[in-house]
Amino acid sequence: MSMNVAVYPGSFDPITLGHLNIIRRSAAVFDKLLVCVVVNSGKNPLFTIEERVELIRRTVARFPNVEVESSEELVVEYMKTRGARVMIKGLRAVSDFDWEFRIALVNKKIEPTIETLFMPSSEKYTYLSSSVVREIASYGGDLKAFVPKEIIDDVARKVERWR
Ligand code: ADP
């Protein structure tokens, strides 16, 4: 039987506890999960793509079936080269749905064999986004409740130079 490989794409600038929650739960239901850092042209980034990949790798080191990569291709193209059929999207609120639903339909049009699966955020993290993390960090706030402990210092240090 072939492996069931899922991809969890995002900008992860930086990875939050909300992302980590989706990664942990997805890794538990697929043979393999590929976390893919993608370029988001609309955002002014804090971390480079390479730095984001490194921060995620450090955070998910304890999950044997999770791998972290980046891609400059369309996610569906990346998925074809990796033999992945399922794209995971986390949903925090109804407001995420409208956009994600349209993206899912576009992706289906481009590549009909690929399925998008929506995973609801844990209620603990519905308010959490990378932009919230960047905002709190820019005021020197405590990041413990928002990002994985492995990367707290990196985010705090990076923002100091960015301010
Ligand atoms: P952000 O909005 O934090 O910049 P990304 O572009 O990195 O997020 O999002 C990657 C994926 O993770 C998307 O599917 C997004 O809906 C999901 N996601 C982001 N934050 C959370 C959260 N707190 N809980 C669940 N899913 C989330």
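**Exercise 1. Find Pro14 and Phe12 in this predicted model, and describe the backbone at each.**

Step 1. Pro14 sits in the loop that runs between strand 1 and helix 1 (17-27). Look at the peptide bond between Asp13 and Pro14: it is cis, with omega at about 5°.

Step 2. Phe12 also has its place in the loop between strand 1 and helix 1. Its phi is positive, about 45°, although Phe12 is not a glycine.

Step 3. Buried means under 20% relative accessible area, and Phe12 has 1%, so it counts as buried.

**Exercise 2. Is Val37 buried or exposed, and which residues does it touch?**

Step 1. Locate Val37 in strand 2 (residues 32-38).

Step 2. Its relative accessible area is 0%, so Val37 is buried.

Step 3. Leaving out residues up to four places away in sequence, the contacts of Val37 include Gly10, Ser11 and Phe12, as well as Ile49, Val53 and Glu69.

**Exercise 3. Work out which residues of helix 3 (residues 75-82) are buried, and what they pack against.**

Step 1. The buried ones are Val75, Val76, Tyr78 and Met79. They span an arc of only 155° around the axis, so they lie on the same side of helix 3.

Step 2. Their packing partners are strand 1 (5-10), strand 2, strand 3 (66-71), strand 4 (86-91) and helix 4 (94-110).

Step 3. Finish just after helix 3, where Gly83 has a positive phi of about 65°.

Conventions:
Residues numbered from 1 in each chain as written. Predicted model: local features only at pLDDT ≥ 70, side-chain atom pairs only at ≥ 80, totals over all residues. Heavy atoms only, no water. Helix = DSSP H or I, 4+ residues; strand = E, 2+ residues; numbered from the N terminus. Buried < 20%, exposed > 50% of the residue type's maximum accessible area, 1.4 Å probe, protein only. Contact = heavy atoms within 4.5 Å. Arc of directions from axis to C-beta.
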